Amino acid sequence: MSAATTRSRTPDRLCAEAVDLARAAAEEAAAPGIVGEHVELVSEGDRVVTHFFECKELGYRGWRWAVTVARASRAKIVTVDEAVLLPGPDAVLAPEWVPWSERLRPGDMGPGDLLPTDAEDLRLEPGWTGEDEPPPNSVVSDEMAALAEAEDAEVTAGPLAAPARGSIAAVAEELGVRRARVLSRYGLHIAADRWEEAFGPKTPMAQAAPAACVSCGFLLRIGGSLGQAFGVCANEYSPADGRVVSLSYGCGGHSEAAVMPKPPQPAPPVIDETRVDPFPLRPASDSGSVPATADEDTEELGHS
């Protein structure tokens, strides 16, 4: 370790003793009563010391006033370099700034808002625009150029006709890929994961549904590769009305829920608890196994 490094880590005595000078500079930069107790001092270099004071201002908990003082070589006078308010180890700080493109969440856009798409968005890939093969009636097509040269005519731009049936442009138009960019495989996957999480077979609604959407009459099929696993719900009473739902999703609004077979009725009980059986208070005289005989001696006493 060099001697210069050792001197820089040891606070200068005169600068370290200039606590009152540093406090006066902090109070001038802040306001009376805002600067608190002296917390610590740090050596910034040769004859340069920073004094830290507690900040009592509301809303700045844990912040400290930092006043840096210094003196010239062989000089006895200490001067103030700067006074700033800095966060301390326990200061309350704002969260780290995040770009708007990363803060945006589904549902944040409102009327009039514009969301520019990045040119390198992984969710998109180039589509077929047909720029390498102009339409036959285009002013730049080879057929029109040869015809104009043979007939010695001038070609002017006019309305473009629809692509011929069976051509590459017609097939691209029918498949919906005649655009500048279309969904990439990554874009299809994240869209499918997002839709299945919201309206998929693992949701509580689908678990309690009588049947899946694949057999529901309110399901509207969609085209493309995602049509093999998703559709659009058209039941106004369903919680997924107008939403893209998985074919394995389901709800209580299934079209065949009302015409499903009724559950079997239980058999009538063996014991009828609603009927009342009469029971005599006294047994009949002829109900015993021994015939009843009259006894003249006991009859007068009231015995039967």
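Tutor: A definition to begin with: a disulfide is a pair of cysteine sulfur atoms within 2.5 Å. Also, this is a predicted model, where local features need pLDDT of at least 70, side-chain atom pairs count only at pLDDT 80 or more, and totals for chains, interfaces and linings use all residues. Residues are numbered from 1 along each chain as its sequence is written, and side-chain values use heavy atoms, with hydrogens and water left out.

Student: Which cysteine sulfur is closest to that of cysteine 251?
Tutor: The one in cysteine 233. The two sulfurs are 5.9 Å apart, so they are too far for a bond.

Student: Is cysteine 251 buried or exposed?
Tutor: Cysteine 251 is buried, with a relative accessible area of 9%. Buried means under 20% relative accessible area, exposed means over 50%, and partly exposed lies in between (1.4 Å probe, protein chains only). Cysteine 15 also counts as buried, at 0% relative accessibility.

Student: And what share of the protein chain is buried?
Tutor: Buried residues make up 22% of the 304 residues.

Student: Switching to secondary structure. How many helices and strands?
Tutor: The protein chain has nine helices and nine strands. Both are DSSP runs numbered from the N terminus: helices are H or I with at least four residues, strands are E with at least two.

Student: What does strand 2 pair with?
Tutor: Strand 2 pairs with strand 1 (residues 35-45) in the antiparallel sense, over seven bridges. Seven bridges also join strand 2 to strand 3 (residues 63-70), again antiparallel. Two strands pair if DSSP finds at least two bridges between them.

Student: Which residues face each other there?
Tutor: Serine 43 is opposite valine 49 of strand 2. Histidine 51 has valine 67 in strand 3 as its bridge partner.

Student: Why is strand 2 called largely enclosed?
Tutor: Because six of its eight residues (48-55) are buried.

Student: What about glutamate 54?
Tutor: Glutamate 54 lies in strand 2. At 38% relative accessibility, glutamate 54 counts as partly exposed. Beyond four places away in sequence, glutamate 54 touches residues including Ile34, Val39, Trp63 and Trp65. Contact means heavy atoms within 4.5 Å. Glycine 88 is 34 residues from glutamate 54 in sequence, and the C-alpha atoms are 9.4 Å apart.

Student: Where does arginine 74 lie, and what is its phi?
Tutor: Arginine 74 is in the loop between strand 3 and strand 4 (79-87). Its phi is near 65°, also a positive value. Arginine 74 is exposed, with a relative accessible area of 82%.

Student: New topic: aromatics. How many pairs?
Tutor: Three aromatic pairs. One of them joins tyrosine 60 and tryptophan 63: the centres are 5.5 Å apart and the planes at 85°, so the pair is edge-to-face. Rings of Phe, Tyr and Trp (its six-membered ring) pair if their centres lie within 6.5 Å; planes under 30 degrees apart count as stacked, over 60 as edge-to-face and the rest as tilted.

Student: Are those two residues buried or exposed?
Tutor: Tyrosine 60 is partly exposed at 33% relative accessibility, while tryptophan 63 is buried at 19%.

Student: What about phenylalanine 199 and tyrosine 249?
Tutor: Their ring centres are 5.6 Å apart and their planes at 90°, so that pair is edge-to-face. The pair links distant parts of the chain, 50 residues apart. Phenylalanine 199 is in the loop between helix 7 (185-198) and helix 8 (204-207), and tyrosine 249 in the loop between strand 9 (244-246) and helix 9 (296-299). Both residues are buried.

Student: Which charge sits over a ring?
Tutor: Arginine 64 lies over the face of phenylalanine 52, 4.2 Å from the ring centre. The cut-offs: NZ of Lys or CZ of Arg within 6 Å of the ring centre and within 35 degrees of the ring normal.
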